[in-house]
Amino acid sequence: MGIVAGLDSSAEFTRIVVCDADTGAVLRQGYAPHPGEPKATDVDPQAWLLSLGEAAGGGLLEGVRAIGVSAQQHGLVPLDPQGGLVRPAMVGNDKRAQVAAADLVEAFGGRQAWAEAVGSVPQSGQPIAKLRWLARSEPENAQRVAMLLQPHDWLVWQLLGRPVRRTTDRGAASATGYWSAGAGAYRPDLVELALGHQAALPEVIGPAEAAGTTPEGLLISAGTGETMAAAFGLGLGSGDAVVSLGASGSVMAVHHEALADPQGLITSFADATGMHLPVVHTSNAVRALRGSAEMLGVESLEELSALALKSTPGASGLVLLPYLEGERTPRLPHTAGTLSGLRRESMKPEHFARAAFEGMLCSLTDALDVLRGRGVEVRRVFLLGAAAELPAVQAVAPAIFGAQVVVPQPADYAALGAARQAAWALGVAQGTLSPAAPPAWQGAAAQVFEPGDELAVGQSVRQQYAATREQIHPGAFGA
């Protein structure tokens, strides 16, 4: 089919990969940071175009026949009736909108009502919470808003020359807070609840559809959000889950249907293939390891890992509940972490280090079990993030998760997913691929770890953790 490109416009940079459309082999790559303040929550979208242009310099896109676009989620680009910016784009997990999110939860009848309506409960990062903040804090700007786009929608629109038709995909739409993954439809009433009036919304097109073609004949695929693009780039399928190890954590899995969770623990995303990506977030992951390293006076997570491996499973009875910043799963927003099981023989650095790793992974397994409890099958767990390379994580995780653990080699998976989507749309347009089946690119190169004989030991560690959690926070997960 030729060659295709995928670009990922993240919060801080643009990455581009140029791939063989049939195999997915990476032929060329480009990178450029966004100009301006990296952590800003108000951003001129032109910065994304400048970064894109720089990343694509030097003839990077020569010969490319189709492009897919992945971009940061948690972004809102408010436009006036002429398509001009009403104000800078609002991006990131904007804490200004925390009160607005809580207002929306109450105004619509609570967490369960939101979960049933759109599969998620408003959070400060979502476009719907940003709309509420805009209506309350900048009412004159809010009144001028006529069209709502997200970063990926806006970039696709720009690449196509700002046509009358504006599009998005189901993956990105599912992150807005006003599109239901279960119903596959917008909820304009929720836009009005947040903004105070209706606004035009982009057309949601199918995973293999093209958003359009440039005058030069370059096909632009539907595009999607970063989370969905990364899942597609990794080659996830049914039975696969992803555990992301950042300062906070997240667990997502491929599932055949949207999940409405009455407690609001599950955010029901759609993916970039026609399936669903239910996600559960934790407030604490690697921050528990970093805090433990500081407390023990070790200089790096690698040293903490080596120390932990000097201990034994169960950390001599020590249990760390790593709820250092409160917790989202279970819902304990105002709690603190707990260290339990202190005895004279357990008061050694290596046992505390082991308890930190076991506590972090048990907390993430609690999140994984929220999905399992709703019928989500988990046969493989992909571990993402720098901490996935730590020997203690790789040694402990398979037995605690109770599943095969896959640690992919570092790569630009969101950009790869966008490129794979471009190849899919190109193949459908040419009649060589079916809209029901994406191109079969080779999966990510990875290390694989099996629970093996340690499975029973891992389950004992989990039982010790769960008993401590239930003692300190009885009924935290409900009945």
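1. In which strand is Leu 339 found? The model is a predicted one, and in it Leu 339 belongs to strand β21, which covers residues 338–340. With a relative accessibility of 31%, Leu 339 counts as partly exposed, and together with Leu 342 and Met 347 this residue makes a nonpolar surface patch of about 280 Å².

2. The loop between β20 (319–321) and β21 contains Pro 330, and the peptide bond that joins Thr 329 to Pro 330 is cis, with omega at about 0 degrees. I would ask that this bond be kept in view when the backbone of the loop is discussed.

3. His 74, which is not a glycine, has a positive phi of about 60 degrees and lies in the loop between β5 (64–71) and β6 (77–79); at 34% relative accessibility, His 74 counts as partly exposed. Ala 315, for its part, has a phi near 50 degrees, again a positive value in a residue other than glycine, and its place is in the loop between α11 (301–308) and β20. Is Ala 315 buried or exposed? Its relative accessibility is 0%, so Ala 315 counts as buried.

4. The salt bridges number 16 in the structure, and one of them is formed by the side chains of Asp 42 and Arg 96, at 2.9 Å from N to O. Because Asp 42 lies in strand β4 (residues 42–43) and Arg 96 in the loop between β7 (89–90) and α2 (98–107), this pair ties together parts that are 54 residues apart in sequence. Both partners are partly exposed, Asp 42 with a relative accessible area of 31% and Arg 96 with one of 30%. The pair also belongs to a network of salt bridges in which Asp 42, Arg 87, Asp 94, Arg 96 and Glu 138 are linked.

5. A salt bridge joins Arg 380 and Asp 240, whose closest N and O atoms are 2.8 Å apart. The pair links distant parts of the chain, with Arg 380 in strand β22 (residues 380–384) and Asp 240 in strand β16 (residues 240–245), 140 residues apart. Arg 380 is partly exposed, with a relative accessible area of 31%, whereas Asp 240 is buried, with a relative accessible area of 4%.

6. Asp 369 and Arg 372 meet through their side chains in a salt bridge of 3.1 Å, N to O. The two are three residues apart in helix α12 (residues 349–372), and they are therefore separated by about one helical turn. Asp 369 is partly exposed at a relative accessible area of 27%, as is Arg 372 at 26%.

7. How many aromatic pairs does the structure hold? There are five, and among them is the pair of Phe 108 and Trp 114, whose ring centres are 5.0 Å apart and whose planes stand at 55 degrees, so that the pair is tilted. Phe 108 is partly exposed, with a relative accessible area of 25%, while Trp 114 is buried at 0%.

8. In helix α1 (residues 46–55), the residues Ala 47, Trp 48, Ser 51, Leu 52 and Ala 55 are buried; because they cover an arc of only 140 degrees around the axis, they are on the same side of α1. Leu 50 and Glu 54 are exposed on the other side of α1. In helix α10 (residues 286–296), the buried residues are Val 286, Ala 288, Leu 289, Ser 292 and Ala 293, and their arc of only 150 degrees around the axis puts them on the same side of α10. The other side of α10 has Glu 294 and Met 295 exposed.

How values were computed
Residues numbered from 1 in each chain as written. Predicted model: local features only at pLDDT ≥ 70, side-chain atom pairs only at ≥ 80, totals over all residues. Heavy atoms only, no water. Patch = residues over 30% accessible without salt bridge, like charges linked within 9 Å, V, L, I, M, F, W, Y side chains within 5 Å. Areas by Shrake-Rupley, 256 points an atom, 1.4 Å probe, with all protein chains shown as cover. Salt bridge = Lys/Arg side-chain N within 4 Å of Asp/Glu carboxyl O. Helix = DSSP H or I, 4+ residues; strand = E, 2+ residues; numbered from the N terminus. Buried < 20%, exposed > 50% of the residue type's maximum accessible area, 1.4 Å probe, protein only. Phe/Tyr/Trp six-rings, centres within 6.5 Å; stacked < 30°, edge-to-face > 60°. Arc of directions from axis to C-beta.
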